[in-house]
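This briefing goes through one protein structure, topic by topic. Please look at the sequence and the model before reading on.

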Amino acid sequence: MAKSHTILIFSLFFILLLVSGIFSLCTGSVSIPPERVFAILFAKGESFSLQEINIIMQIRLPRLIMAFLLGGALSLSGFLLQTYFQNPIAGPYVLGIS
């Protein structure tokens, strides 16, 4: 029972991560519809404006990837601090690295 509950929660969080990533790629000062974003990312034979391609490939996608990597690195560092000190509420103030 507990394992299926954990899988369900992680699945919901993963879906939320994907939806927020798609939302991040579509919104901004220049709004680009999701189907157009997917077509640009997967290079379907349609012609696109150079502006849309640059916005997606040089601004929004690198920012999204770096946000995912930074979030993972922060969670891993928190996990390592809690494991090292064997304290479930240990934070960066324990070592003075805040």
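Glu-52 forms a salt bridge with Arg-36, and their closest N and O atoms are 2.9 Å apart. A salt bridge here is a side-chain nitrogen of Lys or Arg within 4 Å of a carboxyl oxygen of Asp or Glu. The pair links distant parts of the chain, with Glu-52 in helix 3 and Arg-36 in helix 2, 16 residues apart. The model is predicted: local features need pLDDT of at least 70 and side-chain atom pairs count only at pLDDT 80 or more, while totals for chains, interfaces and linings use all residues. Residues are numbered from 1 along each chain as its sequence is written, and side-chain values use heavy atoms, with hydrogens and water left out.

**The salt bridge and its residues**

- The structure holds 1 salt bridge.
- Glu-52 counts as buried because its relative accessibility is 15%; buried means under 20% relative accessible area, exposed over 50%, and partly exposed in between (1.4 Å probe, protein chains only).
- Arg-36 has 23% relative accessibility, so Arg-36 counts as partly exposed.
- Leaving out residues up to four places away in sequence, Glu-52 touches Ile-32, Arg-36 and Ile-40, where contact means heavy atoms within 4.5 Å.

**How the helices pack**

- Helices (H or I, at least four residues) and strands (E, at least two) are DSSP runs, numbered from the N terminus.
- The axes of helix 2 and helix 3 come within 10 Å and cross at roughly 80°; axes are lines fitted to C-alpha atoms, for helices over the stretch in contact, and angles run from 0 to 180 degrees between N-to-C directions.
- Helix 2 and helix 3 are therefore roughly perpendicular to each other; angles under 35 degrees count as roughly parallel, over 145 as roughly antiparallel, 65 to 115 as roughly perpendicular and the rest as oblique.
- On the helix 2 side, Arg-36, Val-37, Ile-40 and Leu-41 meet Glu-52, Ile-53, Ile-56, Met-57 and Leu-61 of helix 3.
- By class, this contact of helix 2 with helix 3 has 7 nonpolar, no polar and 2 charged residues; Ala, Val, Leu, Ile, Met, Phe, Trp, Tyr, Cys and Pro count as nonpolar, Asp, Glu, Lys and Arg as charged, and the others, Gly among them, as polar.
- Helix 1 and helix 2 pack at an angle of about 90°, with their axes 9 Å apart, which means that helix 1 is roughly perpendicular to helix 2.
- Ile-22, Leu-25 and Cys-26 of helix 1 make this contact with Pro-34, Val-37, Phe-38 and Leu-41 of helix 2.
- The contact of helix 1 with helix 2 has 7 nonpolar, no polar and no charged residues.

**The nonpolar core**

- The largest nonpolar core has 10 residues, among them Leu-25, Val-37, Phe-48, Ile-56 and Leu-64; such a core is a set of buried Ala, Val, Leu, Ile, Met, Phe, Trp, Tyr and Cys residues joined through side-chain atoms within 4.5 Å.
- Helix 1 (2-26), helix 2 (34-41) and helix 3 (50-85) each supply at least two residues of this core.
- Apart from its neighbours within four places in sequence, Val-37 is in contact with Leu-25, Cys-26, Ile-32 and Ile-56.

**Two further residues**

- Gly-21 is in helix 1 and is buried, with a relative accessible area of 5%.
- Not counting residues up to four places away in sequence, Gly-21 touches Leu-64 and Phe-68.
- Gln-86 lies in the segment after helix 3, and its phi is near 50°, a positive value in a residue other than glycine.
- Gln-86 counts as exposed, at 73% relative accessibility.
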